[in-house]
Amino acid sequence: MRLSCFCQHLSMDSAFKSPIFHPTASFSHSQVSFPFFSFQAQYLTLNKPPTILRCSNSSTISSTTNGNNNNMAGLPVKKKRKRYRKQYPGENEGITEEMRFVAMRLRNIKGKKVSSDCVSDSETDTENTPSDQEKEDDSETVKSGENGGDGEAETWSPTMEGFLKYLVDSKFVFNTIERIIDESDDVAYAYFRKTGLERSAGLSKDLEWFSQRDLVVPEPSNPGVSYVNYLEELAEKSAPLFLSHFYNIYFSHIAGGQVIARKVSDQLLEGTELEFYKWKGDVQESLKDVRKNLNMLGEHWSRDDRNKCLKEAAKSFKFLGQIVRLIIL
């Protein structure tokens, strides 16, 4: 016989008294209500004490969960391994060393490009690296001896007309970068004034010397004009990018320019040494000071700006190569 059992609403004094169930019921489902909560009760009576299933106390569940969490906290946790960016060649030494690796990468040795540490990191943004065509063009600069490499790898014969064009365009470029450095309000340029590397005054003396020997001194040609226009625009847009050209122009002239000086002096000037290739004091010490200041500034540049400087270094070699090739025209 199936019976229903229920509890009436009780007063506060009797609210928590046990519910009364019919002792002869074989199986039943009941809804038991109390003033503060309700629950489903299922019981089976086969001449046995009734069994009531009820909800667990929330505090008990919470303590059990916290206990499980504490047990899990004791387990060893495998930390995710942090990945570090691979450094660029020369990055530890500074931006000037990174640019030197660019020059090495562009060098052509026996018709094959250097491909060891000189090759840029695979993480380099393709937008900030020279294209294959630029690399081919820039390698000609290196072969011409203007980038500080073994410039004697290529056999070439200078002409007086071409050499004068080279001097005129070089003077135009050096005049421009020295004027920008002296006149700019950008504080970054102040570190590179009166470095002892200035060339425009010496070039003026050399061109005057040629004019006194009834040689026609030409106007700046297209390679020099194009480079000057580019430098002026760059100086207004970005000091780091302009300083990349500034450094590489002097570095190239000091390193590779000596090769040109020897050939021209022997073949065209009967051993005369031009002012363009003379410095007061130790030129390597002067270049070292410029390198130190540029590396100091480069520490405050973002990796993106440094990548762009490397791209501009390659462009600098390309422009300089076009001017150097004027000598053999």
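This is a predicted model: local features need pLDDT of at least 70, side-chain atom pairs count only at pLDDT 80 or more; totals for chains, interfaces and linings use all residues.
Residues are numbered from 1 along each chain as its sequence is written, and side-chain values use heavy atoms, with hydrogens and water left out.

The protein chain holds ten helices and four strands. Of its 329 residues, 43% count as buried. Eight salt bridges are counted.

**Overall fold**

- Along the sequence, the pattern of the protein chain is β-β-α-α-β-β-α-α-α-α-α-α-α-α.
- Helices (H or I, at least four residues) and strands (E, at least two) are DSSP runs, numbered from the N terminus.
- Buried means under 20% relative accessible area, exposed means over 50%, and partly exposed lies in between (1.4 Å probe, protein chains only).

**Largest pocket**

- Rolling a probe the size of a water molecule over the atoms shows where empty space is left.
- The largest pocket contains about 300 Å³ of space.
- A pocket is an open set of points on a 1 Å grid over the protein atoms alone, where a 1.4 Å probe fits, with protein on both sides within 12 Å along at least five of seven lines. Lining residues have an atom within 4 Å of a point.
- Grid points are joined across faces, edges and corners, and the volume is the space filled by probe spheres set on the points.
- The lining includes Gly196, Leu197, Arg199, Gly202, Glu275, Lys278 and Trp279.
- By class, the lining has three nonpolar, three polar and six charged residues. Ala, Val, Leu, Ile, Met, Phe, Trp, Tyr, Cys and Pro count as nonpolar, Asp, Glu, Lys and Arg as charged, and the others, Gly among them, as polar.
- Gly202 lies in helix H5. Gly202 is buried, at 14% relative accessible area.
- Gly202 and Glu275 are 73 residues apart in sequence, yet their C-alpha atoms are 4.8 Å apart in space.
- Glu275 also forms a salt bridge with Lys278 (3.3 Å, N to O). Glu275 is partly exposed at 30%, and Lys278 is partly exposed at 33%.

**Other salt bridges**

- Side chains of opposite charge can pair when their charged atoms come close.
- The rule used here is a side-chain nitrogen of Lys or Arg within 4 Å of a carboxyl oxygen of Asp or Glu.
- Arg179 pairs with Glu232 at 2.9 Å, N to O. Arg179 lies in helix H4 and Glu232 in helix H6 (residues 222-237), so this pair ties together parts that are 53 residues apart in sequence.
- Both partners are partly exposed: Arg179 has 34% relative accessibility, and Glu232 has 32%.
- Glu312 pairs with Lys315 at 3.8 Å, N to O. These two residues are three apart in helix H10 (residues 303-324), which means a separation of about one helical turn.
- Glu312 is buried at 6% relative accessibility, whereas Lys315 is partly exposed at 22%.

**Surface patch**

- Val187, Tyr191 and Met296 make a nonpolar surface patch of about 280 Å².
- Patch residues have over 30% relative accessible area and no salt bridge; like charges are joined within 9 Å, and nonpolar side chains (Val, Leu, Ile, Met, Phe, Trp, Tyr) within 5 Å.
- Accessible areas come from the Shrake-Rupley method with a 1.4 Å probe; for residues, only the protein chains shown count as cover.
- Tyr191 sits in the loop between helix H4 (160-183) and helix H5 (200-211). Tyr191 is partly exposed, at 38% relative accessible area.

**Backbone details**

- Most residues other than glycine have a negative phi, and most peptide bonds are trans.
- Asp214 is not a glycine, but has a positive phi of about 60°. Asp214 is in the loop between H5 and H6, and is exposed at 72%.
- Glu270, also not a glycine, has a positive phi of about 55°. Glu270 is in the loop between helix H8 (257-267) and helix H9 (283-298), and is exposed at 79%.
- Gly321 is found in helix H10, and is buried at 0% relative accessible area.
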